[in-house]
Amino acid sequence: MRTVIQHIATLLLASISLLFSAFSFGQSTEKHSVDIGVLAIRGSLYAQQRWQPTMDWLSQQIPDSDFILHPLDLESMATAVQNQSMDFILTNPGQAVRLGRQFELSWLATLNSGLTGHFNHTIGSAVVVQKDAPYFKIEELAGKPMAAVSERAFGGYLTLRYQVLEMGINPNDFFANVRFLGFPIDANLYQLRDKIVDAAIVPVCLLETMQQEGLLEANAYRVINAQTPNDFPCQVSTRLYPNWSFAKTERASSQLAKQVTRALLAMPSDSQAAIAAGASGWTSPASLLSIDKLYQALDLHPFQEPWWKEAFRWLRYHQEWAWAVFVFVIVLNAYHFWLEYRFSKSKQALEQTQSRLKEKSEQLEHSQRVAIVDELGSSLAHEINQPLAAIRNYSEGGLLRLSKQRPNENIVPVFHKIQKEVDRADAIIHRLRNLIKKRSIEKQPNNVEDLITDTLELMHYRLQKHSVLLMRETEGDVIAADIDSVGIQQVFVNLLNNAIDACISFQQHHKTEDYQATITVETEYHQDNLLVKITDNGTGLAGIEINDAFFTTKENGLGLGLAICRDVMETHHGQIKLQSIKPHGCMVTLSLPYF
């Protein structure tokens with residue numbers, strides 16, 4: 001019976017144990033991960049050894065969170081903060097200032113060294129040389145081969161650079177032969193051990209730590225410019241700055257940050273986490289003002305001075321280059337002024353040449369218009385003779401009625417008809433004078449339809465004489481265009497003359513009874529421009545190009561017609577296009593903008 005009872009009790013205990021394990025497992029699965037980025041100055045393994053106990057302490061103090069350590073270098077730490085891939089960061093004061101002035105970080109605590117007087121100031125530089133090296137002062141190392149971690153490494157390179165600047169030494173000359181080896185920082189002392197460099201710039205206590213670990217021979221090295229504070233266990237070449245800091249990024253919640261802060265401040269000095277970190281625990285955030293001043297003096301602060309101050313400082317350290325640049329600028333300005341003078345003289349000569357070419361072009365246009373009048377001589381004579389003959393007939397009729405003493409009301413209509421014919425002759429003369437007069441280009445709003453009508457009046461006799469059928473078509477609402485009416489009319493006359501000549505030539509070479517010479521003038525008004533199309537069913541282009549100057553098929557032609565048409569259209573920012581049509585003929589398209 002007792003055995004049965006014991007067996008039952010064992011089963012109950014096992015069941016309770018399983019339930020407790022299941023409950024504990026359920027609790028553990030409810031934990032959420034908290035990512036902490038740690039600056040791994042000596043590599044990932046050393047970072048794990050030094051800071052993993054702190055992660056375990058936080059996980060123990062905050063049971064619902066699992067704190068995960070992520071060893072990072074300088075670049076990846078900045079990227080992690082920028083991308084908000086970490087909840088908290090643990091880094092040295094130099095990077096703390098750079099990140100804290102660029103991103104919204106909340107500083108929770110500073111590592112406490114536990115030393116008297118400098119309880120949380122343990123970051124600085126140690127300039128290490130071999131024991132038998134001939135260097136005893138910092139200035140003696142100027143320009144010598146040295147090893148450092150990075151240009152942005154605070155505990156090492158930057159703190160020494162600031163020290164050198166305060167000593168009145170040009171940092172550029174002092175660090176002219178420095179080699180940046182990156183993380184882990186142990187490599188700097190290995191380079192010194194192998195005599196590849198004359199000195200190694202490392203964070204304080206690294207030399208002592210590596211000697212204790214058996215990585216370096218004891219008493220084989222010394223630190224230059226040693227100014228070790230009281231009770232500080234390591235040799236220092238520069239002043240000391242605040243210890244490592246713990247900060248919250250934007251990703252972590254304020255409630256979690258409070259819990260982390262309480263856990264850090266509650267860490268006892270004899271805990272495994274404090275011993276592994278080489279400290280006595282954590283204290284309230286230390287002021288980083290001294291580090292801000294260091295970055296400002298080195299022109300590396302995120303809130304830096306204007307660029308011109310940096311340039312002035314550069315000139316102060318490189319006066320010989322400044323004078324060289326000054327002389328170069330003077331010579332360059334002199335050369336520039338000489339080029340400006342040559343350009344001005346060339347520009348004047350070019351403007352004079354352009355003015356002469358424009359004058360010659362206007363003379364050519366005028367000559368071509370006079371040639372057009374010569375070609376239209378018989379047509380103009382016929383047009384003028386018609387009103388003159390009518391005036392003569394009406395005058396004779398009026399005199400006859402006066403001799404027969406007819407009433408005045410019978411004679412007045414005769415004078416009205418005479419006046420009408422006089423106006424007709426005056427209009428013909430006016431169109432002729434407008435065509436041949438020499439003028440400067442004047443663009444004014446003009447109705448292109450009226451201009452085409454006037455041009456066709458000039459061409460009427462020639463069209464009638466050669467039995468050319470004229471057709472006109474208009475599409476769209478008529479819009480006035482800013483044009484030089486004389487120049488555009490010259491284009492119309494040229495193109496219509498060419499069309500008539502093409503029809504005459506086709507009729508002479510192709511004796512067909514059913515051929516009807518036809519010229520169509522179309523105008524199309526669009527939103528931005530108007531198109532004028534002149535189409536004939538004559539011989540076609542026959543190899544003619546619009547850019548061919550002095551080419552003509554006429555016996556006494558100047559060969560300037562199409563070239564002048566092109567120039568006039570370009571003056572109006574328009575275009576002229578020639579196109580053959582089937583079975584024979586040519587279509588000329590003029591494109592004119594309204595303004």
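**A helix and a cavity**

Modeller: Helix α16 gives 3 residues to the lining of the largest cavity, the largest share. Keep in mind that this is a predicted model.

Biologist: Which residues line the largest cavity?

Modeller: The lining is made up of I452, T455, L456, F492, L496, V521, V532 and I534. Two or more of the lining residues come from each of α16, α17 (485-509) and β18 (529-536).

Biologist: What classes are in that lining?

Modeller: There are 7 nonpolar residues, 1 polar and no charged ones.

Biologist: What volume does the largest cavity have?

Modeller: About 50 Å³. The count is 3 cavities of 30 Å³ or more.

Biologist: Where is the kink in α16 centred?

Modeller: On M459, with a kink of about 55°. M459 is also one of the buried residues of α16.

Biologist: Which others in α16 are buried?

Modeller: V448, E449, L451, I452, T455, L456, L458, Y461, R462 and L463 are buried too. Among these, I452, T455 and L456 line the largest cavity.

Biologist: Why might residues a few places apart point the same way?

Modeller: An α-helix has 3.6 residues a turn, so residues three or four places apart point the same way.

Biologist: And the ends? What happens at the start of α16?

Modeller: A side-chain oxygen of N447 comes within 2.9 Å of the backbone nitrogen of E449. After α16 comes S467, with a positive phi near 55°.

How values were computed:
Residues are numbered from 1 along each chain as its sequence is written. This is a predicted model: local features need pLDDT of at least 70, side-chain atom pairs count only at pLDDT 80 or more; totals for chains, interfaces and linings use all residues. Side-chain values use heavy atoms; hydrogens and water are left out. The bend at a residue is the angle between axes fitted to the seven residues ending there and the seven starting there. Helices (H or I, at least four residues) and strands (E, at least two) are DSSP runs, numbered from the N terminus. Buried means under 20% relative accessible area, exposed over 50%, partly exposed in between (1.4 Å probe, protein chains only). A polar contact is a pair of N or O atoms within 3.5 Å; within protein, one must be able to donate a hydrogen and the other to accept it, and residues adjacent in sequence count only if both atoms are side-chain atoms. On a 1 Å grid over the protein atoms alone, a cavity is a set of points where a 1.4 Å probe fits but cannot get out, and a pocket is an open set with protein on both sides within 12 Å along at least five of seven lines; lining residues have an atom within 4 Å of a point. Grid points are joined across faces, edges and corners, and a volume is the space filled by probe spheres set on the points. Ala, Val, Leu, Ile, Met, Phe, Trp, Tyr, Cys and Pro count as nonpolar, Asp, Glu, Lys and Arg as charged, and the others, Gly among them, as polar.
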